[in-house]
Amino acid sequence: MANIQYYDVILKPVITEKSMNLMGEKKYTFLVHPESTKAMIKEAVEKMFDGVIVESVHTMNCEGKKRRRSMASPYGKTAQTKKAIVKLTEESADIEIFSGL
């Protein structure tokens, strides 16, 4: 496993209609490093955002999609990704990057 620091774990937030509906339940979705664990994700969220207390973390590995390339090698695949849904406690502060959406 690579030496991953807490600032390397969270790559970007996932902004979709489904993830926006989950924000009412204090659940936030992030695209994370493929080799990160639930403990690493929890630590990264609590260190990066002030006043945030993580209750639970759910992760999912997403396979790459099959895409057309050319006639010589007709198919290729996009990169695999990993998503994490982070649930905050009731007394926790909200995450600011999602507040303006």
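What follows is a chat about a predicted model of one protein chain.

Colleague: Hi! I'm new to this one. How many helices and strands does the chain have?
Modeller: Welcome! The model is a predicted one, and its chain has 3 helices and 6 strands.

Colleague: And in what order do the elements run from the N terminus on?
Modeller: They go α-β-α-β-α-β-β-β-β.

Colleague: What box do the C-alpha atoms fill?
Modeller: Along the principal axes, the box is roughly 55 × 35 × 20 Å.

Colleague: Okay. What percentage of the residues in the chain is buried?
Modeller: Of the 101 residues, 33% are buried. As for the accessible surface, the chain has about 6800 Å² of it, and carbon and sulfur atoms account for 51%.

Colleague: What about contacts between residues at least 6 apart in sequence: what share joins residues at least 24 apart?
Modeller: That share is 62%.

Colleague: Switching to charge, how many positive and negative side chains are there?
Modeller: There are 16 positive and 13 negative ones, and 14 Å separates the centres of the two sets.

Colleague: Now the largest pocket. How much space lies in it?
Modeller: About 150 Å³.

Colleague: Which residues line the largest pocket?
Modeller: The lining is made of Val14, Thr16, Lys18, Ser19, Leu22, Thr29, Met60, Lys83 and Ile85.

Colleague: Which element gives the largest share of that lining?
Modeller: Helix H2 does, with 3 residues. Both H2 and strand E6, which spans 81-88, supply at least two residues each.

Colleague: Let's look at lysine 26. Where does it lie?
Modeller: Lysine 26 is in the loop that links helix H2 (17-22) to strand E2 (27-32). Its phi is near 60°, which is a positive value in a residue other than glycine.

Colleague: Is lysine 26 buried or exposed?
Modeller: Lysine 26 counts as buried because its relative accessible area is 14%, and the cut-off for buried is under 20%.

Colleague: Which residues does serine 92 contact, leaving aside neighbours within four places in sequence?
Modeller: Serine 92 is in contact with Lys26, Gly51, Val52 and Ile53.

Colleague: Where is serine 92 found, then?
Modeller: Look in the segment after E6. Serine 92 is buried too, because its relative accessibility is 6%.

Colleague: Let's move to arginine 68. Which strand is it in?
Modeller: Arginine 68 sits in strand E4, made of residues 66-68.

Colleague: And is arginine 68 buried or exposed?
Modeller: Arginine 68 is exposed, because its relative accessible area is 54% and exposed means over 50%.

Colleague: What does arginine 68 touch, not counting residues up to four places away in sequence?
Modeller: Its partners are Pro74 and Tyr75.

Colleague: What separation do the C-alpha atoms of arginine 68 and valine 45 have?
Modeller: They are separated by 37 Å, with the two residues 23 apart along the chain.

Colleague: Last one: alanine 39. Which helix holds it?
Modeller: Helix H3, residues 38-48, holds alanine 39. Alanine 39 counts as exposed because its relative accessibility is 57%.

Colleague: What separates the C-alpha atoms of alanine 39 and valine 57?
Modeller: There it is 8.3 Å, for residues 18 apart along the chain.

How values were computed: Residues numbered from 1 in each chain as written. Predicted model: local features only at pLDDT ≥ 70, side-chain atom pairs only at ≥ 80, totals over all residues. Heavy atoms only, no water. Helix = DSSP H or I, 4+ residues; strand = E, 2+ residues; numbered from the N terminus. Buried < 20%, exposed > 50% of the residue type's maximum accessible area, 1.4 Å probe, protein only. Contact = heavy atoms within 4.5 Å. Areas by Shrake-Rupley, 256 points an atom, 1.4 Å probe, with all protein chains shown as cover. Lys, Arg positive; Asp, Glu negative; His and termini not counted. Charge placed at Lys NZ, Arg CZ, Asp CG, Glu CD. 1 Å grid on protein atoms, 1.4 Å probe; cavity = no way out; pocket = protein on both sides within 12 Å on 5 of 7 lines; lining within 4 Å. Points joined across faces, edges and corners; volume = space filled by probe spheres on them.
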